[in-house]
Amino acid sequence: MKKTIKIKFIGFWDGFVDSDNFIYNTLAKHYDLEFSDEPDYLFYSSFCPHSFDFVLYDCVRIYYSGENTSPDFNFCDYAIGFDNLTYEDRFLNFPLFLIYRQLPFACDKHKDVDMSLLKSKGEFANFIVGNAQGLSERTELFEKLSEYKPVASVGTYLNNREGFTVKNEEEKLSFQDSCRFSITVESVRQSGFVTEKILHAFAAKTVPIYFGNDKIDDIFNPNSFINCHNYSDFNQVVSRVKEVEENPQLWLEMVSTPCFKSPTYPEDKWADFEKFLLNIVNQPLEKAYRRPMKFHTQRYDKELKTFMSMRDNVRFRRFLVANNNFFVRLALKIFGSSADGN
């Protein structure tokens, strides 16, 4: 009979299912899991309106980041994220793309590659972006590459296919399947931060043109994609794309190259993930705490908890509704809809 542990998830993205996700499913292999408002273990992330609710739970806290936010170990006991750091048993490097269902397709992208595959790809390159607030390099690379050949922009940003916009992940991957290249620029340039964008491009058997994480070569095989960080400017990047585009054999070689630098990278990372979680829950609960709860750290935690309690203050909520200034906008960003007075 499995031991029962009490858990809770807060601050995760829209569509996150508490009872069916990569954390829950890993733990459920070893424990019976009970959802509780008084959990033994709190798993939290950084999405509004519950970004800071973790401070209301005095239990073992495990932070997860798939976005470009780094953990604050004054608040969390353990963290899982993208940063390239080592901190005893408290942190695990586990990039976001590892939880995507396209991972097996990316791992197998080098298989069954021949001239018929190339001939089936009638589109030159795709640019699929919905966030206009991302890196300016996204626009610059798109415009530079478009000077060479038309690039299909089928996201909501800079869309150039009238009457056609990809609406979801399935449509995105379907369109990428028809392309030889994929522009894959992260929303931010941050060392270690890599999302699903390059994974999708690999899964569709395209050649990714990547910009964002300058350490991307630590994960992915540099012979399988075009890393913009290895060139002095985008003019040189376009020259490399042109070279590959005009040499079918070179394109086939890149697509037939495995995407991961280490062929066992995904398996190793998932094994590390399971080991990391089990290390937390296998020890006696009272010994699983890592954040120091004395003196300055205790005060740090207490002050944020006091700040969070203001959400339930009627006078404070009326202030938010009645005023429109920088501090109000900041508070609304932190508290989200829970502080709008409705």
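## A tour of the predicted chain

The model is predicted. Show the C-alpha trace. Along its principal axes the trace spans about 65 × 55 × 35 Å. Switch to cartoon and count the elements: twelve helices and eleven strands.

The chain exposes about 17,100 Å². Carbon and sulfur atoms supply 50% of that area. Now colour by charge. You have 41 positive and 48 negative charges, and their mean positions lie 3 Å apart.

Take the contacts between residues at least 6 apart in sequence: 65% of them join residues at least 24 apart.

**Stop one: helix α8**

Select residues 248-255, which form α8. Which residues of this helix are buried? Leu250, Trp251, Leu252, Met254 and Val255 are.

**Stop two: Gln102**

Select Gln102, in the loop between β6 (91-93) and α2 (103-107). Is Gln102 buried or exposed? Gln102 is buried, because its relative accessible area is 2%, under the 20% cut-off. Now select what Gln102 touches, leaving out residues up to four places away in sequence. The list is Glu169, Leu173, Leu199, His200 and Ala203. Show these together with Gln102 to finish the tour.

Methods: Residues are numbered from 1 along each chain as its sequence is written. This is a predicted model: local features need pLDDT of at least 70, side-chain atom pairs count only at pLDDT 80 or more; totals for chains, interfaces and linings use all residues. Side-chain values use heavy atoms; hydrogens and water are left out. Helices (H or I, at least four residues) and strands (E, at least two) are DSSP runs, numbered from the N terminus. Buried means under 20% relative accessible area, exposed over 50%, partly exposed in between (1.4 Å probe, protein chains only). Contact means heavy atoms within 4.5 Å. Accessible areas come from the Shrake-Rupley method with a 1.4 Å probe; for residues, only the protein chains shown count as cover. Lys and Arg count as positive and Asp and Glu as negative; His and the chain ends are not counted. The place of a charge is taken as NZ of Lys, CZ of Arg, CG of Asp or CD of Glu.
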